[in-house]
Amino acid sequence: MNIIKYYSVNNDCYKNNVNQADSRYTTFQQRGPKGLMLHSVGCSQSSAKVFADSWNRSGKEVAVHAVLQADGTVYHCLPWNFRGWHAGGEANNTHVGVEMTEPDCIKYASGASFTCSDKAKAQVQVKGTYETAVELFAYLCKQYNLDPAADGVIISHREGNKRGVASNHGDPEHLWNQLGMGYTMDGFRRDVKAAMAESGEGTAPSNPSADNEQMYRVRKAWDDPKSQTGAFRVLENAKRACTEGYTVYDKDGNAVYTNAAAGSYKVKITASVLNIRKGPGTNYAVSGQIKDKGVYTIVEESTGTGATLWGKLKSGAGWISLDYATKV
Ligand SMILES: [Zn+2]
């Protein structure tokens, strides 16, 4: 999954969030998402950027949080704690909206029914968008402490309509059903839960054979081997041995656990390119960029413009948006 920050700054809904136009926006911003709604765009266009661009206009109120495509690319259009405009009902006040793009080789006839010129190709593509959606929803459930199996937390647009919180659309099930994918929303929720469990174990070895044996090393920093206080085959043992200021690294040098000094913690950057700014907000000048998706130490937090949480880098280089970082 590759999340590209592509905020719809010209969109009316985005501006309503920034201006905190009414209590629906401020409530969503303060409370954060209570659930996630899965959509499918309902037109034959596989590029997420095309949609992101079409919504990033003044006079447009339609605003989704993200549009994703089959290759794992996610265009992130609205901060996750902004109120969107995607459901055509009450779910806008509670749920993040995510659109999956659809294959170019289908052609809508009337309503939600379509013909398809290359079913095999379409199925490959829909499998790709489904898997990207599973990964993104697992990431968001973790970030916002949402239980994917709980009633009403993860719903499709179609399910939202049945619950009386969304307009009368059939997505995305209409697409899955007509292409014979065998996907259901119950299955989707199970897959999200499974993906969360997998990523929770993080670096547990998938192949426990000797030549791929996992080893967890406790050090102050990966590139400081002299600081190593122990090496363990079992992650839990490494965590127990990890005292304040130390980090557990897997055999490839990925930080899997940090016992941060009081008031500071480590994050892993999730964006390919992340701006460093002189202060906590997009209104401050860019002072650098992080391009390595690496692990960094945050020593201070502050809420910037648009209710985004910002973190101050220990290095003194500046501030980064914590929308694009996960705690390690
Ligand atoms: Zn929809």
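Here is a quick tour of this structure, from its metal site to its cores, helices and strands. Keep in mind that you're looking at a predicted model. A zinc ion is held by three residues, His39, His157 and Asp171, and the largest nonpolar core counts 38 residues.

**The zinc site**

**The nonpolar cores**

- Within the largest nonpolar core, with its 38 residues, Leu136, Ile154, Trp176, Phe188 and Val192 touch the most other members.
- Strands S2 (35-40), S3 (66-68) and S5 (95-100) each supply at least two residues of this core, and so do helices H4 (119-143), H6 (173-178) and H7 (185-201).
- Helix H4 is the top contributor to this core, giving eleven residues.
- Take a look at Phe188: leaving out residues up to four places away in sequence, Phe188 touches Leu38, Tyr130, Ala133, Val134, Phe137 and Ile154.
- Another core, of 20 residues, lies apart from the largest one, and its members include Ile269, Ile290, Ile298 and Tyr324.

- Which residues of helix H2 (residues 23-31) are buried? They are Tyr25, Thr26, Phe28 and Gln29.
- These four sit on the same side of H2 because they cover an arc of only 165° around the axis.
- The buried residues of H2 pack against helix H1 (12-18) and strand S5.
- Asp22 caps the N-terminal end of H2, with a side-chain oxygen 2.8 Å from the backbone nitrogen of Arg24.
- Just past the helix, Gly32 takes a positive phi of about 75°.

- Ala48 belongs to helix H3 (residues 48-55).
- Ala48 has a relative accessible area of 0%, so this residue is buried.
- Its C-alpha lies 5.9 Å from that of Gln69, although Ala48 and Gln69 are 21 residues apart in sequence.
- Beyond its sequence neighbours up to four places away, Ala48 touches Val67, Leu68, Gln69, Tyr75 and Thr101.
- His76 is part of strand S4 (residues 73-76).
- His76 counts as buried because its relative accessibility is 0%.
- Not counting residues up to four places away in sequence, the contacts of His76 include Ile3, Ile4, Lys5, His65 and Ala66.
- Tyr324 also touches His76, and the side chains of His76 and Tyr324 are joined by a polar contact of 3.1 Å.

**Strand S9 and its partners**

- Strand S9 (residues 216-219) runs antiparallel to strand S10 (residues 230-232), and three bridges join them.
- Arg217 has Ala231 as its bridge partner in S10.
- S9 also runs antiparallel to strand S11 (residues 246-249), again with three bridges.
- Which residue of S11 stands opposite Arg219? That residue is Thr247.

How values were computed: Residues are numbered from 1 along each chain as its sequence is written. This is a predicted model: local features need pLDDT of at least 70, side-chain atom pairs count only at pLDDT 80 or more; totals for chains, interfaces and linings use all residues. Side-chain values use heavy atoms; hydrogens and water are left out. Two strands pair if DSSP finds at least two bridges between them. A nonpolar core is a set of buried Ala, Val, Leu, Ile, Met, Phe, Trp, Tyr and Cys residues joined through side-chain atoms within 4.5 Å. Buried means under 20% relative accessible area, exposed over 50%, partly exposed in between (1.4 Å probe, protein chains only). Contact means heavy atoms within 4.5 Å. Donors are N, O and S atoms within 2.8 Å of the metal (3.2 Å for Na, K and Ca); water is not among the atoms, so sites may look incomplete. The arc is that of the directions from the helix axis to the C-beta atoms. A polar contact is a pair of N or O atoms within 3.5 Å; within protein, one must be able to donate a hydrogen and the other to accept it, and residues adjacent in sequence count only if both atoms are side-chain atoms.
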